[in-house]
Structures are given as structure tokens and as C-alpha cells.
Amino acid sequence: YSVINSSGCVTSVTQVITINALPAKPTITASSSTSFCSPGSVVLSSSATTGNQWYKDGILVVGATASTYTASDSGSYTVEVTQNGCTSELSDGLLVTANATPGIPVIRSSRNTTICEGNSVRLYTSSASGTLWFKDGVVISGATGSEYFATTSGSYTVETINATGCVSGVSTAIRVTVTPNPVVAPIIGANTVCVSSTTTLTSTTASGVWSSSNSGIASIDGSGMVTGVSAGTVTISYSVTNAGGCTTSVSKPLTIIAQPITPTITASSSTSFCSPGSVVLSSSATTGNQWYKDGNPIVGATVASYTATGSGRYTVQVTQNGCTSLVSNAIVVSANAIPTVTPIIGAATVCVSSTTTLSNASPGGVWTSSNSGIASIDGSGTVTGVSAGSVTITYSVTNSSGCVTSVTQVITI
């Protein structure tokens with residue numbers, strides 16, 4: 001520094017000044033990805049080991065003067081270096097993104113989580129998308145929706161993944177328990193039953209309940225006895241429920257066959273006749289007949305007609321498709337006995353204009369001559385010869401049933 005006075009004299013003083021170079025512009029490097037899920041962080045490192053000052057979005061980060069800085073918030077991070085009182089140019093910014101992590105989802109169920117085998121329970125979460133379902137800690141392949149239908153026992157959980165790939169914590173587990181269904185043996189019994197008839201069905205599995213799909217066609221009671229009501233087909237079911245409340249049903253189709261039309265009997269002639277005699281009885285059914293006398297089946301009498309020779313009450317039943325009709329109307333047949341008449345006693349010859357008396361020990365008979373021009377006979381049995389020749393004298397007895405027995409004797413005149 002120089003000063004000149006009025007006389008032109010100069011005095012100078014001096015000081016040496018050192019000019020320090022500016023520190024090099026620092027650079028920032030990141031220890032890992034600068035995009036992460038919260039809560040998370042990335043370590044930023046300055047190329048300068050000392051004199052650093054870190055900034056976020058251009059604002060000084062108080063106390064951040066080390067060579068590294070752990071960034072946990074989104075923003076643009078820079079650093080400058082001060083050395084020998086000189087400050088470097090600000091580094092290039094490094095963008096850090098702290099992506100939001102979704103909240104832990106909650107699982108709910110649509111029903112009781114104890115279910116029967118073959119059923120399902122709907123599990124659902126409030127997260128509309130980006131879900132990942134687990135069973136017993138293992139990812140369920142393809143289960144990424146907001147709901148899942150569980151059909152097997154296990155502990156079910158869910159996680160949520162957002163668009164940035166951040167994963168929530170695992171939800172509280174819901175336990176699903178699948179109770180096995182009872183094993184039920186098949187139904188045993190006939191495949192058909194006739195209207196108004198019964199058949200009994202069984203199953204070797206105890207404690208089941210019987211039911212019919214249509215009680216207007218066939219009903220079934222608690223013991224498994226089926227009663228045919230009308231022609232058609234029904235399904236008979238047997239259902240067993242175990243202690244866990246699970247039910248297994250087995251079923252069997254059953255055909256109810258209509259009962260044949262009740263036959264009627266017609267007689268070819270009078271049903272009261274004298275033995276030996278008969279009457280032909282005819283059924284209205286052409287096939288499937290079985291004839292009865294006094295309620296007992298007549299062996300071999302299975303055609304549409306039957307020739308009755310003995311007294312009794314005759315009926316018929318028809319069997320078609322394994323079903324038997326009601327019993328027909330009854331026809332009462334009376335095979336009346338003929339009277340017993342002893343032989344005629346008396347002479348075998350008589351002269352013209354003479355008489356002889358014939359007799360018979362059976363009372364109530366009537367005498368007749370086969371030719372009154374050769375011989376006549378009166379009510380007492382007296383024969384009168386009229387002209388030469390032979391006649392047959394008949395003695396006939398009629399009983400209370402109108403049956404007649406006749407005995408004869410030839411008389412020569």
C-alpha cells in the first residue's frame with residue numbers, strides 16, 4: 001500500500017496474500033437403489049472425505065456434514081465441500097424416491113370358517129387389487145384378487161402389493177377348518193314297486209333319514225318301507241349327518257308300476273247245474289290270470305277261462321309287469337248232486353190186455369213209458385199191455401235242486 005505526500009515522497013507497506021483454489025465439485029454415489037419402499041433408506045456418499053454439507057431440495061440439512069448421508073425421504077439431494085475457507089460448486093442432484101408402503105390388509109369371511117367337505121368359504125380383503133394370498137405361509141398360485149374361496153383346511157393370510165412394488169405386512173391369519181363328510185353305504189333293495197304295494201330299502205350305514213322326491217308317487221317311512229302311491233318314477237334318498245354337522249346323501253331311483261285293472265268274471269251259462277256238469281268262467285284279462293276257488297289258488301289255472309265243475313266261490317287276479325290286481329268279483333258256482341235212485345223191480349213181460357206192477361224203493365219218482373201204444377204205465381207203477389212189442393219203462397226222481405235221476409227197465413208185451 002503506497003502513500004505520496006505533498007513533497008512527492010512515497011511510503012509503501014506490503015502484505016502477502018495466498019489465493020486458494022476452489023475445492024473440486026463433489027459427486028454423489030448411492031449405496032443401493034435410490035427408489036425404495038418406506039420405511040427404507042439409501043446411503044449417499046460424497047466424493048470428498050471432509051468439508052461436506054448436504055442439501056435436500058436446495059435446503060441445507062442441519063448437521064449433515066459427514067461424507068455420507070442416509071436419505072429416508074423423497075427429494076433431490078446435493079452436497080458442497082468447503083476447504084481452506086473456500087466452498088466448491090454444488091454437486092449434481094441425486095433424486096431419491098421413498099415409495100409409500102400399503103397398509104396391512106384385513107381378511108374377513110363371508111360365513112363360519114368351519115365348513116363341510118365339498119363346500120367353500122369366501123375370504124375377502126379391502127384391497128381391490130395387488131393382493132397375494134397365502135395358505136400356511138405358502139403363496140397360493142394365481143390367487144391375486146380381492147377374494148379367495150377356500151376349500152381346504154389351513155391358515156390363510158394376504159399381502160398387498162402397490163403399483164411401485166411395495167409390499168404391505170402380512171395380515172392377521174384366518175383359520176379355515178374343513179370337516180370330512182360321513183361315508184354312507186349305498187341303498188340296497190328293489191328297483192320297482194307296485195301301486196298299493198310295499199318294499200323295504202336298507203343301507204348298512206346307521207342313523208340316516210329317508211325321503212322321497214315325490215310322496216304323491218311313493219312315500220317312505222323311517223324304517224325304509226316304501227309304499228307305491230301312483231305310477232311314475234321317484235328318487236329315494238338316505239341322508240346321514242355326522243357330529244360335525246356335515247351330511248352325505250345317497251339316492252336310488254324307484255319305478256312305481258301301475259296296478260293292473262281289476263278283472264271281471266263272466267259265466268258262459270248258469271252257474272247252478274247238476275253234477276256231473278260244468279260252467280265256463282271267463283276273465284276280462286287275456287293274460288296274466290290266476291284263478292282261485294274259495295280263496296285258494298287253483299294249480300295250473302292261469303289262462304283267460306276256467307271250466308268250473310265243483311261248487312265254490314271263484315275269483316281271479318291278474319299279474320302284469322310283476323304287479324297283481326285287486327281280486328275280481330266273485331262267481332258262486334253250485335254243482336248240485338243228482339238223486340240216488342234204486343233199480344226198478346218187477347216182471348220183464350206182460351200180456352196184451354194184462355197188467356203188472358213195477359216198483360222202486362226211491363220215493364217221489366215219476367213213471368213213464370217210451371211207447372204208450374205198446375204199453376202204458378200209471379203213477380203207481382202198473383203197466384198195461386196194449387199191443388205186442390217192447391217198451392222202455394222209466395222211473396225218474398227229481399230232487400229239490402231240480403236234478404233228475406232216471407232208471408229204466410225194458411218190458412216185453
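**Ground rules.** Before anything else, I need a rule for a nonpolar core: a set of buried Ala, Val, Leu, Ile, Met, Phe, Trp, Tyr and Cys residues joined through side-chain atoms within 4.5 Å. I call a residue buried under 20% relative accessible area, exposed over 50%, and partly exposed in between (1.4 Å probe, protein chains only). I'm reading a predicted model, where local features need pLDDT of at least 70, side-chain atom pairs count only at pLDDT 80 or more, and totals for chains, interfaces and linings use all residues. I number residues from 1 along each chain as its sequence is written, and side-chain values use heavy atoms, with hydrogens and water left out.

**Cores.** I looked up the largest nonpolar core, which has 17 residues. Trp210, Val226, Ile236, Tyr238, Leu254 and Ile256 are the ones that touch the most other members. For elements I take DSSP runs numbered from the N terminus: helices are H or I with at least four residues, strands are E with at least two. Strands S23 (218-220), S25 (232-241) and S26 (247-257) each give two or more residues to this core. S25 gives the most, with 4 residues.

I then picked Val226 and listed its contacts (heavy atoms within 4.5 Å). Leaving out residues up to four places away in sequence, Val226 touches Val193, Ser197, Thr198, Thr199, Leu201, Ala218, Ser219, Ile220 and Leu254. There is also a second, separate core of 16 residues, and I found Ala375, Ile377, Val383 and Ile393 among them.

**A sheet.** I count two strands as paired if DSSP finds at least two bridges between them. S3 and S5 (residues 42-46) run antiparallel and are joined by 3 bridges. Ile28 sits opposite Ser46 in S5.

**Salt bridges.** My rule here is a side-chain nitrogen of Lys or Arg within 4 Å of a carboxyl oxygen of Asp or Glu. That gave me 5 salt bridges.

- Lys25 pairs with Glu89, with the closest N and O atoms 3.7 Å apart. Lys25 is in the loop between S2 (10-12) and S3, and Glu89 in the loop between S10 (86-87) and S11 (94-99), so the pair ties together parts 64 residues apart in sequence. Lys25 is partly exposed at 37%, while Glu89 is exposed at 51%.
- Arg122 meets Glu147 at 2.5 Å, N to O. Arg122 is in S14 (residues 121-125) and Glu147 in S17 (residues 147-150), so I noted a link between distant parts of the chain, 25 residues apart. Arg122 is partly exposed at 29%, and Glu147 is partly exposed at 36%.

Where is Asn214? I found Asn214 in the loop between S22 (209-212) and S23. Asn214 is partly exposed at 35% relative accessibility.
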